[in-house]
Amino acid sequence: MKNITKCLFLLVLTSVSALAQQKLTLEEIWGGAFRTQGMNALEAMKNTNQYTVLNFDRATRSNQIDLYDFATLEKVSTLIDSKNHKELQGIDAYTFSKDEKKILIANNSDQIFRHSFVADYFIYDTATKSLEKLADYKVQEPIFSPDGTKIAYAYQNNLYVYDLGSKKHTPITADGKKNAVINGITDWVYEEEFAFVRAFDWNATSDKIAFIRFDETNVPEFSMDMYVSGLYPSQNVFKYPKAGEKNSDVSLHVYDVKTAAAKKINLDKYTDFYIARIEWTNEANTLSAQVLNRHQNNLDLLFVDGTTGATKTVLNEKDKAYVDVTDNLTFLKDNSFIWTSEKDGFNHIYHYDKNGKLKNQITKGKWEVTAYYGFDEKAGAIYFQSTENGSINRDVYSVKLNGSAKKRLTLQTGTNGATFSPNFQYFINSYSSAKNAPKYTLLETKTGKLVKTIVSNEALETKLAKYDLPTKEFSEITTEKGHKLNTWMIKPKDFDPTKKYPVFMFQYSGPGSQQVDNNWNSTDDYWFMMLAQQGYIVACVDGRGTGFKGAEFKKCTQKELGKYEVEDQIDAAKLFGTYAYVDKSRIGIFGWSYGGFMASNCLFQGADVFKTAIAVAPVTSWRFYDSIYTERYMQTPQENQGGYDNNSPINHVSKLKGNFLLIHGTADDNVHVQNTMKMVEALVQANKQFDWAIYPDKNHGIFGGKTRLQLYTKMTNFIKGNL
């Protein structure tokens, strides 16, 4: 009897132990089992101390735009519920008119590229509860005029104005044509690399529209075959300027709504240039435009007279490498403006008067301003996010316009963001860390005091506790060359320092990027933890060229992409190899996109250090990538042949010794599958054995249906078999 009891007790203990150490699976990771709760499409109102959130009701399969009070967090009302309007089959996105009495609602969206899409748009009147379709066709980027009487939008490469009173659609342009001329919407390379789609803007008095025109006629075309549907493949053809090739010819125009006439702004003093941003200032007849030279190391902020078209350079930024374009330009009531710049070596906030004369450098120090939130006129305070509490962390701060009284408003170490109430009395703090799941709380701006928790992910944290997951250990390593690099490492939960473990390194490494950050798990993090549960150490190193440690650290890779970054990953792997618990004969590396470029180079050039590499959607030569991104860091291939060729993994395939898995989607409009095909041919001709996988009709993200699950299963099996 004693023995039976003892056996039962041991059985229970074993069951509890097994339950406590539940293993992660790829099916759970890619099936959404660890998805976090958030606040979808959170928007602070401008005229009332309220905010809106886009909610989804699973029972009715409908969307609601709900209005909440900042002070109480109580729901004030549901502005619209899609279930009450049968023509509105869901809500994809929404924007308010300036008076916030009307809403433009997008649904039935069709994606074009990464940011751009066309959709059916509806105009909703919150007072009358009436819903009106904007047009009988799908349009792009509609926006209310400030007086709320009109809507400007793009359709088939032309711009139109819709008058809400007369219901009349008036064309502004007529020469738009696919793969030739685009009015008011950016071309592929602007959308991808300058990260904006709407290239038109209303002035404050609703009587002028400024827009950029793109003439793509002489830009080389790229084509992608689409295989999956239809008896014969179809072809997607679009304009894509590769490094050193012809860009769109851009021009700036101002359309007068009253006279229905457009004026072209004279920018003849510039050649081969970019118009990276346009925005009307608070003076209704003064337009701002940011003009960059092709090398992107000289930026002029122009003020343009909306009537005469006369231009004036109010600010000039020069950099020996490149000038970053941001959305931080903010005009104050007196038309003085806020600007951010790296000119003192770190990204900081500056205040200029309306004529471009520097009034004050508002923030200073060996840390970076990472987001600008706004200016409270009443308190004379600016609100921003920065890395002052360490380059892997983010905190929210306030500071007076004169640079005094800087105050940290968020007290939890990790990644903090803010959405401020219109009167700046409160802000919603989004917070997470590597140990804490995302939490949204309401804080008092003046004191930083917690008012109330809005959304937390305690249920997810409780669920994850059953898995007894390993944690990220953050540190700073010093390579043999003396470079100090941010690092994280995930070790098996039952880590034994007397054992020897294989190491699987992950990185991205692109200019200004960051992977070593104190933030909550991505899906990749769960995969890394799954690998740790199976006996691997996973490590990540942000080498030289990555961001948030100052301009010198970030820009040292200029004209040599892939040289110093590869050195740092190889040196980091060598350092890990000296650790008593690391099997230096079993070190692998993985990366996607720029990270795939790096993983390939590391395996080839670090053949005695790395045993295995996985490269997903890699750039294999910067000659194949787009003009704006590539030339920002490399200049053109005509000017910098060595920089392009010396660091291309294609030119190092003969050094391959280890195991290599190469992966790409055939419909990748960003990093074309041509990159992988060129690498494959080079490997074949070097008589090198390798593994590869091609995903038909999949873009740069390689997802859809079971695709990610199949992809990560393939990569997991490859790691198990080769590391």
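Reader: Where is Asn157 found, and what makes its phi worth a mention?

Author: Asn157 sits in the loop between β10 (150–155) and β11 (158–163). Its phi is positive, at about 75°, although Asn157 is not a glycine. Keep in mind that this is a predicted model.

Reader: What is the phi of Ser206, and why is Ser206 called buried?

Author: The phi of Ser206 is near 60°, again a positive value in a residue other than glycine. Ser206 belongs to the loop between β14 (200–202) and β15 (208–215). Buried means under 20% relative accessible area, and Ser206 has 5% relative accessibility, so it counts as buried.

Reader: What makes β34 and β35 a pair, and where in their hairpin is a positive phi?

Author: Two strands pair if there are at least two bridges between them. Four bridges join β34 (residues 439–444) to β35 (residues 450–455), so the pair qualifies, and the two run antiparallel. Leu442, for instance, stands opposite Lys452 in β35. Five residues lie between the two strands of this hairpin, and Gly448 in the turn has a positive phi of about 75°.

Reader: Why are β5 and β8 called edge strands?

Author: The open sheet has four strands in the order β5-β6-β7-β8, with antiparallel pairing. Its edge strands, β5 (93–96) and β8 (130–133), each pair on one side only. On average, neighbouring strands of this sheet are turned by 25° against each other, direction ignored. β8 is joined to β7 (residues 117–125) by four bridges, and Ile123 has Glu132 in β8 as its bridge partner.

Reader: Are Cys556 and Cys602 buried or partly exposed?

Author: Cys556 has a relative accessible area of 30%, so it is called partly exposed. Cys602 is at 0% relative accessibility and therefore counts as buried.

Reader: Which residues have the most contacts inside the largest nonpolar core?

Author: They are Leu252, Met505, Phe610, Trp622 and Phe660, in a core of 113 residues. Helix α8 (residues 594–605) gives the most to this core, with seven residues. Beyond four places in sequence, the contacts of Met505 include Val541, Phe576, Ile589 and Phe610. Apart from this core lies another, of 43 residues, among them Ile29, Phe504, Met529 and Phe718.

Reader: How confident is the predictor, and where does pLDDT stay under 50?

Author: The mean pLDDT of the chain is 95, and 97% of its residues reach 70 or more. Residues 1–19 stay under 50, and the model has one contact beyond four places in sequence for them. Where pLDDT is low, the predicted coordinates should not be read in detail.

Definitions and conventions
Residues numbered from 1 in each chain as written. Predicted model: local features only at pLDDT ≥ 70, side-chain atom pairs only at ≥ 80, totals over all residues. Heavy atoms only, no water. Axes fitted to C-alpha atoms, helices over the stretch in contact; angles between N-to-C directions. pLDDT = per-residue confidence, 0-100. Contact = heavy atoms within 4.5 Å. Buried < 20%, exposed > 50% of the residue type's maximum accessible area, 1.4 Å probe, protein only. Core = buried A, V, L, I, M, F, W, Y, C linked by side-chain atoms within 4.5 Å.
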